[in-house]
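Subject: A structure to look through

Dear colleague,

Please find below the structure that I promised to pass on to you. Have a look at it first, and then read the notes that follow.

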Amino acid sequence: MNFWNKKNTIEFFNDEPSIIETFPIIEHKDLKLEWVKRARQDFQNIVKDGGDKKPGFGHLTKCPGIFELFKYGYVIRLHRDIIIESHGDQFSYSIAKTGPEGLDVEGQLHWNPNILPKAPWAHPFILKITTGWHVIAPKGIKFMMLPIAYPDTFDFTSTLGIFNPAECTQVNFQLWWTAEEKKTLLRAGTPLGVLVPLSEKKYQMIQRSATVQDKLWVSKMDSIYSSSFWHHTLRNKIVEMYNNYWKKQ
């Protein structure tokens with residue numbers, strides 16, 4: 001059965017051998033945030049005292065506009081510690097590298113960060129986190145790439161955008177860096193952002209170690225990207241190659 005016949009499946013693969021056991025992708029509903037725990041405990045305390053019986057009672061935990069957010073999408077997390085140190089408009093970093101390459105940090109060099117609107121308190125550079133994850137989705141499915149809503153910490157904010165695996169299966173996050181400290185540790189397990197399929201259809205999420213076919217795809221994608229100085233001119237060829245390759249798998 002080729003991949004396109006698996007209509008209800010979204011597959012993530014990674015070459016890091018332990019990532020699925022240690023820091024796998026999780027469904028958004030399974031993200032554990034400290035403020036959510038506090039909010040639920042506060043609601044329980046009010047109920048215990050009978051406060052929910054008062055006319056007009058309302059509570060944060062009953063706000064559908066907030067908690068509906070957690071019903072959709074997949075959260076990608078760091079799988080190694082990273083230390084980021086800011087130096088004015090530049091930065092340096094170190095990664096706890098205990099396994100094969102796959103996680104990387106670099107400055108976003110493709111566009112001037114001063115052009116994109118940003119919070120006044122954000123640093124004048126953008127971090128690009130290459131997570132090592134790749135996504136194969138049913139034909140035509142794109143994703144909304146979102147920051148973590150109402151996070152527990154505000155050291156960074158992921159930029160928003162549309163992720164189209166047909167153009168590039170590699171999952172990267174662009175981050176506005178907003179940490180106040182000069183040197184900041186991001187622990188393994190830190191959520192970077194959310195991928196939400198742009199479809200009303202329900203999909204089964206699968207994550208696995210990279211297979212021979214997966215690695216061949218990554219090498220083909222890297223090969224076509226290396227054929228031109230201007231990657232955007234290759235998009236149509238990449239989409240065609242993606243559709244043809246995964247149709248056969």
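The face of helix 2 that is turned away from its buried side carries the exposed residues Arg 38 and Lys 48, where exposed stands for a relative accessible area over 50%, buried for under 20% and partly exposed for anything in between, with a 1.4 Å probe and protein chains only. Before going further, please keep in mind that this is a predicted model, in which local features need a pLDDT of at least 70 and side-chain atom pairs count only at pLDDT 80 or more, while totals for chains, interfaces and linings use all residues. Residues are numbered from 1 along each chain as its sequence is written, and side-chain values use heavy atoms, with hydrogens and water left out.

Helices (H or I, at least four residues) and strands (E, at least two) are DSSP runs, numbered from the N terminus. Helix 2 covers residues 34–48, and its 15 residues reach 21 Å from the first C-alpha to the last, close to the 21 Å expected at 1.5 Å a residue; the expected span is 1.5 Å times one less than the number of residues. The buried residues in this helix are Trp 35, Val 36, Ala 39 and Phe 43. Seen down the helix axis, the buried residues of helix 2 fall within an arc of 105°, so they line one face of the helix; the arc is taken from the directions that run from the helix axis to the C-beta atoms. These buried residues pack against helix 3 (64–67), contact being heavy atoms within 4.5 Å. After helix 2 comes Gly 50, which has a positive phi, near 80°.

Turning to the sheets, two strands are said to pair if DSSP finds at least two bridges between them. Strand 4 (residues 82–87) pairs with strand 5 over 6 bridges in the antiparallel sense; Ile 82 stands opposite Ile 95, and Ile 84 has Tyr 93 as its bridge partner. The two strands form a hairpin with 2 residues between them, and Gly 88 in the turn has a positive phi of about 70°.

Another open sheet has 5 strands in the order 2-3-13-8-10, again with antiparallel pairing, and its edge strands are strand 2 (26–27) and strand 10 (161–163). Within this sheet, strand 3 (residues 74–77) and strand 13 (residues 191–197) pair over 4 bridges, with Val 75 opposite Val 194.

A search of the whole structure finds 15 aromatic pairs, where rings of Phe, Tyr and Trp (its six-membered ring) pair if their centres lie within 6.5 Å, and planes under 30 degrees apart count as stacked, over 60 as edge-to-face and the rest as tilted. One of the pairs is formed by Phe 91 and Tyr 93, and it is tilted, at 6.4 Å centre to centre and 35° between the planes. Phe 91 is buried, with a relative accessible area of 18%, whereas Tyr 93 is partly exposed at 35%. The rings of Phe 156 and Trp 177 have their centres 6.4 Å apart and their planes at 5°, so this pair is stacked. Both partners are buried, Phe 156 at 11% relative accessible area and Trp 177 at 0%. Finally, ring pairs link Trp 35, Phe 67, Phe 70 and Tyr 150 into a cluster.

With kind regards
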